[in-house]
Amino acid sequence: MPLAKKDIVQQYVERYGQEPPLVIRAPGRVNLIGEHTDYNDGFVFPLAINRAAWIALKPRSDNKVVVYSVDYKETKEFSLDGLTTNGKEGWIEYIKGTAWALQDAGYKLSGWEGVLAGDVPLGAGLSSSASLELATARAFASVGNLPWDAAVMAKLGQKAENKWVGVNCGIMDQLISAAGKADHALLIDCRTLASEPVPFPAGTAIVVLDTSTRRGLVDSAYNERRSQCEAAAKFFGVKVLRDVTIDQFNAKAGELDEMTRRRSKHVITENDRTEAAAVVMKKGDAVSLGKLMNESHESLRDDFEVSSDALNAMVDNARKHPGCYGARMTGAGFGGCAVALIDAAQADDFVAKTSAGYEAQTGNKPAVYVCTATDGAKEV
């Protein structure tokens with residue numbers, strides 16, 4: 001079961017002997033479709049899930065932040081004065097980095113103390129780090145009475161991850177954690193950060209399928225894909241592949257080397273699929289949405305080459321179930337999770353059979369979560 005408010009309140013009461021004045025929740029996310037499009041200024045279509053980072057807290061009168069992590073069973077603290085360099089202290093760096101980014105943007109911060117817990121699986125590609133950054137930003141906004149603008153706070157969470165933690169992520173993870181809407185996915189234009197909530201087709205459910213494999217050291221492969229996309233954009237005479245239509249691609253594809261041709265084909269067609277997904281979702285057309293998800297996986301597997309044997313096995317087993325409309329790998333690839341759109345009435349049977357089939361095929365024990373789309377970071 002996902003964590004609930006009562007769970008974090010209980011942890012706070014055990015430490016402080018009273019109810020917390022504030023409880024913050026910021027969700028993780030899964031991307032329905034639109035993969036490796038973000039750094040090409042394209043479109044993504046994530047939803048905030050019912051797995052989140054939770055902070056129960058009270059204000060302090062000094063400039064300190066003191067946090068007990070339920071998951072790590074340790075307390076860490078820092079002063080808001082003189083945050084200039086990143087230490088190497090694990091989970092607290094995401095909180096310190098967010099504080100630094102807020103201060104660097106001109107916000108005056110107040111100290112607080114409290115209890116942190118989360119149930120976004122680590123390393124699964126579900127944005128546990130973004131959920132912690134946005135929970136932290138929301139905590140500072142609440143104790144300091146700061147204005148809350150989801151896009152602004154998302155950019156500061158991204159800055160914390162890029163500049164303080166040192167991970168070169170795009171904006172999607174932080175933006176969906178900040179701006180998610182219950183029962184909707186969010187079509188995000190990564191160029192303008194404009195977003196549009198789109199409701200899910202009636203009677204469907206989203207299932208996150210964790211292969212229990214992790215990406216490992218794939219920075220070099222990720223950077224290689226980015227440079228290949230940049231080379232393709234240069235060939236087409238544009239800044240990013242977002243600006244190349246499929247007709248323009250088809251007209252000149254024969255002049256590209258095989259590798260660059262396949263990489264650019266994925267990005268260009270994936271952007272089209274993502275916009276099409278929003279259109280069919282508005283019509284409540286689960287069958288067409290599932291078909292687009294299937295096509296996305298094939299493109300990621302064959303043209304962008306970022307899937308894995310485990311991800312392919314998970315997707316294949318999911319698609320065998322009669323209640324599955326479509327399934328695809330999600331996230332950067334090479335491990336982590338797949339996502340499936342299913343008939344909600346068949347959820348229990350889908351989970352049981354897909355899990356058993358995948359484990360029999362791979363020997364890996366998966367973790368499978370039937371998810372609901374939730375609101376973004378807020379006081380609860």
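In this predicted model, helix H10 passes helix H11 in a right-handed crossing. H10 covers residues 309-320 and H11 covers residues 347-362, and the two pack at an angle of about 140° with their axes 9 Å apart. Angles over 145 degrees would count as roughly antiparallel, and H10 and H11 are therefore oblique to each other. On the H10 side, the residues that meet H11 are Ala-310, Ala-313, Met-314, Asn-317 and Ala-318. Their counterparts in H11 are Phe-350, Thr-354, Gly-357, Tyr-358, Gln-361 and Thr-362. Sorted by class, this contact of H10 with H11 comes out as six nonpolar and five polar residues, with no charged ones.

Next come the sheets. One of them is an open sheet of four strands, lined up in the order S10-S11-S9-S12 with antiparallel pairing. Strand S10 (324-330) and strand S12 (367-371) take the edges, and each has a single partner strand, so one side of each is left without a neighbour in the sheet. From one strand to the next, the twist averages 20°. S10 and strand S11 (residues 337-343) are paired in the antiparallel sense over six bridges, and Thr-330 stands opposite Cys-337 in S11. Helix H9 (residues 286-302) packs on this sheet, where it touches strand S9 (204-210), S10 and S11. The direction of H9 makes about 30° with that of S10.

The other sheet to look at is also open, but here six strands follow the order S5-S4-S6-S3-S1-S13, and the pairing is mixed. Its edges belong to strand S5 (74-79) and strand S13 (378-379); each has just a single partner strand, so one side of each is left without a neighbour in the sheet. At the S5 end, strand S4 (residues 64-69) and S5 run antiparallel and are joined by six bridges. For Val-67, the bridge partner in S5 is Lys-76.

Helix H1 (residues 5-16) lies across strand S1 (22-31), strand S3 (46-59), S4, S5 and strand S6 (112-118). H1 runs at about 135° to S6. Helix H2 lies across S4, S5 and S6, and its run makes about 20° with S5.

H2 also has a helix to pack against. H2 (residues 92-104) and helix H3 (residues 128-144) pack at an angle of about 50°, and their axes are 9 Å apart. That angle makes H2 oblique to H3. The crossing of the pair is right-handed. H2 brings Tyr-94, Ile-95, Thr-98, Ala-99 and Leu-102 to the contact, while H3 brings Ser-129, Leu-132, Glu-133, Thr-136, Ala-137 and Phe-140. By class, the residues of this contact divide into seven nonpolar, three polar and one charged.

H3 packs with helix H4 as well, at an angle of about 125° and with the axes 9 Å apart. H3 and H4 are therefore oblique to each other, and their crossing is right-handed. Ser-129, Ala-130, Glu-133, Leu-134 and Ala-137 in H3 meet Met-153, Ala-154, Gly-157 and Glu-161 in H4. That set splits into five nonpolar, two polar and two charged residues.

Leu-134, which lies in H3, has a relative accessible area of 0%, so it is buried. Neighbours within four places in sequence aside, Leu-134 is in contact with Ala-26, Trp-148, Met-153, Ala-154, Gln-174, Ser-177, Ala-178 and Ala-377. Gly-376 is 242 residues away from Leu-134 along the chain, yet their C-alpha atoms are separated by 8.8 Å.

Met-153 sits in H4 (residues 150-165) and is likewise buried, with a relative accessible area of 0%. Not counting residues up to four places away in sequence, Met-153 touches Leu-102, Tyr-107, Leu-134, Ala-137, Pro-147 and Trp-148. Between Met-153 and Arg-29, 124 residues apart along the chain, the C-alpha atoms are separated by 16 Å.

Methods: Residues are numbered from 1 along each chain as its sequence is written. This is a predicted model: local features need pLDDT of at least 70, side-chain atom pairs count only at pLDDT 80 or more; totals for chains, interfaces and linings use all residues. Side-chain values use heavy atoms; hydrogens and water are left out. Axes are lines fitted to C-alpha atoms, for helices over the stretch in contact, and angles run from 0 to 180 degrees between N-to-C directions. Angles under 35 degrees count as roughly parallel, over 145 as roughly antiparallel, 65 to 115 as roughly perpendicular and the rest as oblique. A crossing is left-handed if the near helix is turned anticlockwise from the far one by less than a right angle, and right-handed if clockwise. Contact means heavy atoms within 4.5 Å. Ala, Val, Leu, Ile, Met, Phe, Trp, Tyr, Cys and Pro count as nonpolar, Asp, Glu, Lys and Arg as charged, and the others, Gly among them, as polar. Two strands pair if DSSP finds at least two bridges between them. Buried means under 20% relative accessible area, exposed over 50%, partly exposed in between (1.4 Å probe, protein chains only).
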